[in-house]
Every structure is written in structure tokens, then in C-alpha cells.
Amino acid sequence: MERNKQIKINHYADGTTSVLRKAVVYTTLRFYQRSDVLYQLTQVFCQRYLPKYGDRTVDQMIQAARSTKQNIAEGSSDGQTSMEVEIKLLGIARGSNLELLEDYQDYLKRHGQSEWKGSNPRFEGLHDFCREHSLYKDYQPLFPNMNDTELANMAICLCHQIDSALTKYIEKKDREFTTEGGIRERMTAARLEQRNTQKETIAKQAAEIDSLRRQLQAAQAEIARLKAALDR
């Protein structure tokens, strides 16, 4: 049971141990926030530049963007009880994000447009903006004034940043799982800690009772002594 010593056990307000892991507030994760931006951007891009009918690419791109965002949210929520499910769903989110990246890159190729990279003078400014901003409210005012090349390159930049962050986050979760194990290990550790806590409480109460018993015996002996002195 050496592994249990490494498991961080949470507690309820009354001190009872919990098998649940600390909840992740996924809306504060910057890669989730960027995935939301990417989903909204993809909606705009598809409605503006792709055919409304007869092209499955629209549904595929929107679904890939939605899958990225939703699987981050679901995986983070399910992670309270199952790190295995969390890692799996985060992996699906990463796969969907890479699929969407391919779609945007393919669009640029088909239309004879270039993907902005390090040598492009506009790349650095776009990269810095996406790195410093992750909320939709910062991007929304820009969309109406951007053309297809600009929107596609912004989406590609977001995809790369999301992939980098997700890759590191999944590795972190994998290391946690290797160290702490899954729900069964947490249940065992929580039960052991609760049992040890109960034993400590019982031992403390027994010691207090023994102390009170000694105090009572001393008081009784003092009463007997005083009574004997009065009877003389």
C-alpha cells in the first residue's frame, strides 16, 4: 500500500474522507477558452466561405471544433471520479483539434493561399495576439473585418496553441495517474485514512476517559481522606 501515501485525499467539511478528486474548473483553462474561440470562429468561417449545401466539410469542421471544446469540458468534469475517462476524452479532444487543423490547412492549399509561418511578417503579430488572448470577447470584434486567409490562419494558430497545451496537460494527467492510480486506489486510500482517523479518535477518547477516571479516583481518595479526618 505504499502508493496510497502518494495519493492526495480530499475531505468534506466534517472531516470525512472523499474518493473524489478535486474538481477542475475547466472554464478557467486557457486551452478550453481558446477551443471556444475556435468553435465560434469556425462557425463564422464556414457560414461565410464554404458552400451551405453539398459539402460535408462544413459539418465535419464544425463537429471537429465542437468535439474539441466539448470533450475538454466532459473530460474535466468526469475526472473527479475517473482519471482514465478524463485522459481518454482529452485525447479525443486533441485528435479533433488536429483534424480541424488539417481542414484549415487544406482550405488554404485548395485556394492557393499560404499558411503564415515564422518568415511571414504577419505571423509574429498573430501568434502574439493569440498567445496573450484566450477569451471570445477579445476575438469577436475582429471577425467581421477579417477575410478567409486571415480567419484560417488565426484558426491554425489557435489549433497549434491548443494542441501544445493539451499535449502537456495530458502528460501531466498521465503522470498523476501513474502516481495515484484510478478510482479503486483512491477508494482504498480513502477507506484506510478514514479507518486510521477513526482509530486515532477512539484512542484519543480512550486516553481522555482514562485521564478522567484517574482524576475521579484521586477526587474520591481526597474525599475519603477528608472524611476520615473529620471523624477523628
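Me: How are H1 and H2 oriented to each other, roughly parallel or roughly antiparallel?

Reply: Two packed helices are described by the angle between their axes and the distance between the axes. Please keep in mind that this is a predicted model, in which local features need pLDDT of at least 70, side-chain atom pairs count only at pLDDT 80 or more, and totals for chains, interfaces and linings use all residues. Residues are numbered from 1 along each chain as its sequence is written, and side-chain values use heavy atoms, with hydrogens and water left out. Helix H1 (residues 30-49) and helix H2 (residues 56-78) have axes 9 Å apart and pack at an angle of about 165°, where axes are lines fitted to C-alpha atoms, for helices over the stretch in contact, and angles run from 0 to 180 degrees between N-to-C directions. H1 and H2 are therefore roughly antiparallel, a term for angles over 145 degrees.

Me: Which residues of H1 and H2 meet?

Reply: Contact means heavy atoms within 4.5 Å. On the H1 side the residues include Phe31, Tyr32, Leu38 and Phe45, and they meet a set in H2 that includes Val58, Met61, Ile62 and Ile72. By class, this contact of H1 with H2 has 12 nonpolar, four polar and three charged residues, with Ala, Val, Leu, Ile, Met, Phe, Trp, Tyr, Cys and Pro counted as nonpolar, Asp, Glu, Lys and Arg as charged, and the others, Gly among them, as polar.

Me: How do the axes of H3 and H6 cross?

Reply: The axes of helix H3 (residues 83-110) and helix H6 (residues 148-180) come within 9 Å and cross at roughly 160°, so that H3 and H6 are roughly antiparallel to each other. The residues of the contact of H3 with H6 divide into 19 nonpolar, seven polar and eight charged.

Me: How many disulfides are there?

Reply: A disulfide is a covalent bond between the sulfur atoms of two cysteines. With the cut-off that a pair of cysteine sulfur atoms must lie within 2.5 Å, the count comes to zero disulfides. Cys157 is in no disulfide, and the nearest cysteine sulfur, that of Cys130, is 3.9 Å away. For Cys159, which is also in no disulfide, the nearest cysteine sulfur is that of Cys157, 9.4 Å away.

Me: Is Cys157 buried or exposed?

Reply: Cys157 has a relative accessible area of 6% and is buried, a term for values under 20% with a 1.4 Å probe and protein chains only. Cys159, at 0% relative accessibility, counts as buried.

Technical notes
Buried < 20%, exposed > 50% of the residue type's maximum accessible area, 1.4 Å probe, protein only. Helix = DSSP H or I, 4+ residues; strand = E, 2+ residues; numbered from the N terminus. Parallel < 35°, antiparallel > 145°, perpendicular 65-115°, else oblique.
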